[in-house]
Amino acid sequence: MERTQSIWHKETQLPHYPVLEGDTATDVLIIGGGMAGLLCAYQLKWAGVDCLVVEADRIAGGVTGNTTAKLTVQHGLIYETITRDWGREGAADYLRANQRGLEEYRTLGREIDCALVEKPAFVYTREESPKLRREQKALEAIGCETRWHRGTELPFPVVGALEMPGQAQFDPLRFLQGILPGLDIREGSTVRRVEGCTAVTDRGTIRAKQIIFCTHFPFVDRRGCYFMKMYQDRSYVLALEGAWSPRGMYIDQKEHGLSFRRAGELLLLGGGGHRTGRQGGGWEELRKAARRFWPQSREVAHWAAQDCMTLDGIPYIGRYSPAKPQWYVATGFNKWGMTSSMAAALLLREMVTKGRADWGWIFDPARTMKPLPLAANILSSTWGLLTPSLRRCPHLGCALQWNPRERSWDCPCHGSRFAFDGKLINAPASRDWGGAPEKK
């Protein structure tokens with residue numbers, strides 16, 4: 001598998017934490033040590049709640065360390081979609097939740113040296129499309145300031161760009177350095193199964209009163225059926241030296257178009273994405289764009305991330321399942337995990353400490369799914385199950401596909417990934433490749 005490392009990992013080394021040894025107890029167990037899990041621990045700690053974070057590998061070793069680190073409530077073209085499906089109240093609830101998250105980052109960023117700077121966020125289009133104008137109307141209807149531009153600083157012409165001022169960007173690992181002191185964390189401690197409110201690892205068990213699943217992709221299939229209502233996407237980033245540096249953060253309205261943001265003296269060029277286990281442009285597409293627009297630039301780093309995508313574009317934050325009121329979940333951030341992680345931490349803090357929250361209802365994991373996207377996702381998984389192959393994912397038995405770009409075996413059904421030797425890279429599978437599907 002090709003070794004890649006983000007600029008965040010190159011510049012910042014987070015502390016190591018011990019493996020869980022023996023049995024222990026806590027009020028709240030948080031499974032997963034990415035941004036969402038660590039923020040949940042931080043918020044609960046300051047609310048006076050005893051909590052423990054367990055991470056299967058290293059904290060911030062997944063999406064958190066491979067993000068482009070935008071802090072924005074502008075999440076593509078989501079507000080028009082939410083307005084259509086859930087009305088203005090739904091769109092306003094989504095906006096308020098993410099605004100709370102952004103404001104909390106601003107507050108903490110005043111005390112933590114994490115390169116947090118305010119930037120405008122833009123969604124641009126290179127072709128005639130009414131979608132961007134509809135998004136602007138949906139945002140204005142819920143009181144969100146926007147600006148329309150017919151031209152931009154981008155190195156190619158655009159038909160239009162929608163700006164949301166007052167957003168931000170930061171260095172995620174330097175931020176984590178500021179919130180980690182005082183948190184109770186165990187690394188290298190994979191949770192193999194959960195029985196009630198007891199989690200079982202290889203070297204001990206953890207008894208808790210409540211559990212928060214922040215494992216990127218939830219791994220308990222019997223509850224919540226997240227494998228039916230999510231899939232995973234790969235996306236790619238180049239860090240370029242000597243290239244144009246934008247004043248703002250830019251994304252294409254197209255799902256897998258190019259994105260741009262500045263990081264110090266570097267340009268972070270993103271794109272080339274695709275559904276995990278399928279074909280896409282990858283780093284080759286980004287390098288082609290770099291040669292075209294900035295032929296004198298130099299690539300100093302490249303990396304990839306994997307994101308959980310929900311079928312309606314809204315994360316799942318709340319109770320894991322109606323049948324498990326002591327379990328909570330934060331997942332499906334749809335490539336906007338930095339802002340959404342903070343929104344999730346604030347929302348779950350209220351749910352854990354008060355039993356309810358008066359906001360964030362739009363994220364309810366038990367909400368109704370649209371039948372057509374749900375059927376399409378199930379059909380895609382069925383295709384993977386029926387595809388003949390000797391190499392099958394231990395999660396639910398789908399045929400694994402070889403990824404020559406990253407030299408990995410990828411599952412097109414639910415996004416599990418494995419190294420060439422079968423070692424697990426990405427969930428929802430919870431063990432290395434080989435043998436029969438897992439029983440959960």
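1. **Ground rules.** The model is predicted: local features need pLDDT of at least 70, side-chain atom pairs count only at pLDDT 80 or more, and totals for chains, interfaces and linings use all residues. Residues are numbered from 1 along each chain as its sequence is written, and side-chain values use heavy atoms, with hydrogens and water left out.

2. **Helix α2.** This helix covers residues 35-46. Helices here are DSSP runs of H or I, at least four residues; strands are runs of E, at least two; both are numbered from the N terminus. At 1.5 Å a residue, the 12 residues should span 16 Å. The expected span is 1.5 Å times one less than the number of residues. The end C-alpha atoms lie 17 Å apart, which agrees.

3. **Where α2 sits.** The rest of the structure largely encloses α2, because 10 of its 12 residues are buried. Buried means under 20% relative accessible area, exposed over 50%, and partly exposed in between (1.4 Å probe, protein chains only). Among the buried residues are M35, L38, Y42 and L44. G48 follows α2, and its phi is positive, near 85°.

4. **Salt bridges.** The whole structure has 27 of them. Each is a side-chain nitrogen of Lys or Arg within 4 Å of a carboxyl oxygen of Asp or Glu.

5. **R100 and E350.** Their side chains meet in a salt bridge (3.9 Å, N to O). R100 is in helix α3 (residues 78-109) and E350 in helix α7 (residues 337-354), so the pair ties together parts 250 residues apart in sequence. R100 is partly exposed at 38%, while E350 is buried at 15%.

6. **E163 and R147.** This salt bridge is 3.5 Å, N to O. It ties strand β6 (residues 160-169), which holds E163, to strand β5 (residues 147-149), which holds R147. E163 is buried, at 4% relative accessibility. R147 is partly exposed, at 38%.

7. **D233 and K335.** Their closest N and O atoms are 3.4 Å apart. D233 is in strand β11 (residues 230-241), and K335 is in the loop between β17 (324-331) and α7, 102 residues apart. D233 is buried at 1%; K335 is partly exposed at 28%.

8. **A positive patch.** R126, K288, R291 and R292 gather in a patch of positive charge on the surface. Patch residues have over 30% relative accessible area and no salt bridge; like charges are joined within 9 Å, and nonpolar side chains (Val, Leu, Ile, Met, Phe, Trp, Tyr) within 5 Å. K288 is in helix α6 (residues 282-293) and is exposed at 58%.

Conventions:
Areas by Shrake-Rupley, 256 points an atom, 1.4 Å probe, with all protein chains shown as cover. Lys, Arg positive; Asp, Glu negative; His and termini not counted. Charge placed at Lys NZ, Arg CZ, Asp CG, Glu CD.
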